[in-house]
Amino acid sequence: MKAAVLDKFGPSTVMEVCDVPKPAINADQVLVEVIAAGVNPIDWKIREGWMSERFGSDFPMILGFDASGIVAEVGANVDGFQPGDHVFARSNVGAGGCYAEYAAINADTVAAKPDQLNDDEAAAMPLAALTALNGLREVGRLQPEQRVLINGAVGGVGVYAIQIAKNMGAHVTGVCSTHNLPLARELGADQVIDYKAQNPLATGETWDVIYDTVGYLKHSEARECLTPDGVYITLVPVEGIEFFIPGQTEIKPRGGYFLVWAPTAADLEILAGWVRQGKLHSVIDSIYPLELIRDAHERSQTERARGKIVLRIKD
Ligand SMILES: NC(=O)c1ccc[n+]([C@@H]2O[C@H](COP(=O)([O-])OP(=O)(O)OC[C@H]3O[C@@H](n4cnc5c(N)ncnc54)[C@H](OP(=O)(O)O)[C@@H]3O)[C@@H](O)[C@H]2O)c1
């Protein structure tokens, strides 16, 4: 099968599209014939070698944590899927393995693809939307009528965070640059702040949850804009924050947390449910064929994506 493979860490040019053996599945996995794969910033961070402690350095390495495609084989212990099923998935196997024509994916991170999404839109969703959901629900404990500020409102995570916060009944303030304000409003933000014109933390307003999806706010400043029991969540480890461990029950008032979480099929089903109700959709920044994987990474590294970058594996 064709795959984008790296044999060492480095710039985008270390990725080569070449023929490699199809992965073998274990009893708890499904083999997915990948139609589209999501591109996330974590992919280029792994490629550059920043995350070898967590993801190892086993080469050849195939990146890509998001896939949409067709089930080709089913492991002996797997119930609920059969060959031919159209699915979307958030791989948690190694470095992901979805930048390839076939990916072996743990069945407990796979769900049926909602018909309302095409394959590009479905591949865009899992990692970013699950991150948005887990941040707002597990760390933010967001309640109806509460106020949430989302920094990076139209990035990969932000586009889902706005919609999910609205689905949870919150009042949403979206922070982005001038030309992205209309998109943040279209996605459902009740209020928008142009960070190029105004410091979002100097408006005199307070929020129950400040979700910094891009890690450009300081916790020491954000905490002054939180309600007494409010919480600051970041997706990039910044000074002064603690790691939120899945299952953790204690959240300190005005605490700052870096989100750590585990993907589940149950959460993918929640996303799929919202999609079927017309309450969640993907915003696609750009679509690249597998052969242009280097360009896809370079686009992600600009930190200017409006929504998600997708890799098309199969027409
Ligand atoms: N901890 C986790 O589990 C986890 C999970 C997912 C992602 N992450 C991390 O979270 C970060 C965001 O991921 P992503 O997929 O959303 O990234 P992304 O799609 O690359 O984010 C792009 C967005 O960042 C915004 N942005 C850039 N500079 C900004 C600034 N100074 N202030 C406010 N917004 C700014 C841009 O908006 P403008 O053009 O309008 O400025 C753009 O829309 C990445 O570092 C990623 O690795 C962590």
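Tutor: Before we start: two strands count as paired if DSSP finds at least two bridges between them. Also, this is a predicted model.

Student: Good. So which strands form the open sheet, and in what order?

Tutor: Seven of them, in the order β10-β9-β8-β11-β12-β14-β13, with parallel pairing. The edge strands are β10 (191–194) and β13 (242–244), each pairing on one side only. From one strand to the next, the twist averages 25°.

Student: How many bridges do β9 and β10 have?

Tutor: Four, in the parallel sense. As for residues, Val 175 has Ile 193 in β10 as its bridge partner.

Student: OK, helices. Which strands does α5 lie across?

Tutor: β8, β9 and β11, and α5 runs at about 170° to β8. Helix α4 lies across β11, β12 (226–234), β13 and β14 (256–259), at about 145° to β14.

Student: Back to α5: is it mostly covered or uncovered?

Tutor: Mostly covered, with ten of its twelve residues buried. Among them are Val 157, Tyr 160 and Ile 164. The cover includes α4 (126–139), α6 (181–186) and β16 (308–312), along with β8, β9 and β11.

Student: And what follows α5?

Tutor: Gly 169, whose phi is positive, near 90°.

Student: Switching to α9: which residues are buried there?

Tutor: Ile 293, Ala 296, His 297 and Ser 300. They sit on the same side of α9, because they cover an arc of only 95° around the axis.

Student: What do they pack against?

Tutor: β1 (2–6), β2 (15–19), β3 (29–39), α1 (41–47), β15 (284–289) and β16. After α9 comes Glu 303, with a positive phi near 60°.

Notes:
Residues numbered from 1 in each chain as written. Predicted model: local features only at pLDDT ≥ 70, side-chain atom pairs only at ≥ 80, totals over all residues. Buried ≥ 20, exposed ≤ 12 C-beta atoms within 10 Å, placed from the backbone. Helix = DSSP H or I, 4+ residues; strand = E, 2+ residues; numbered from the N terminus. Contact = placed C-beta atoms within 7 Å. Arc of directions from axis to C-beta. Axes fitted to C-alpha atoms, helices over the stretch in contact; angles between N-to-C directions.
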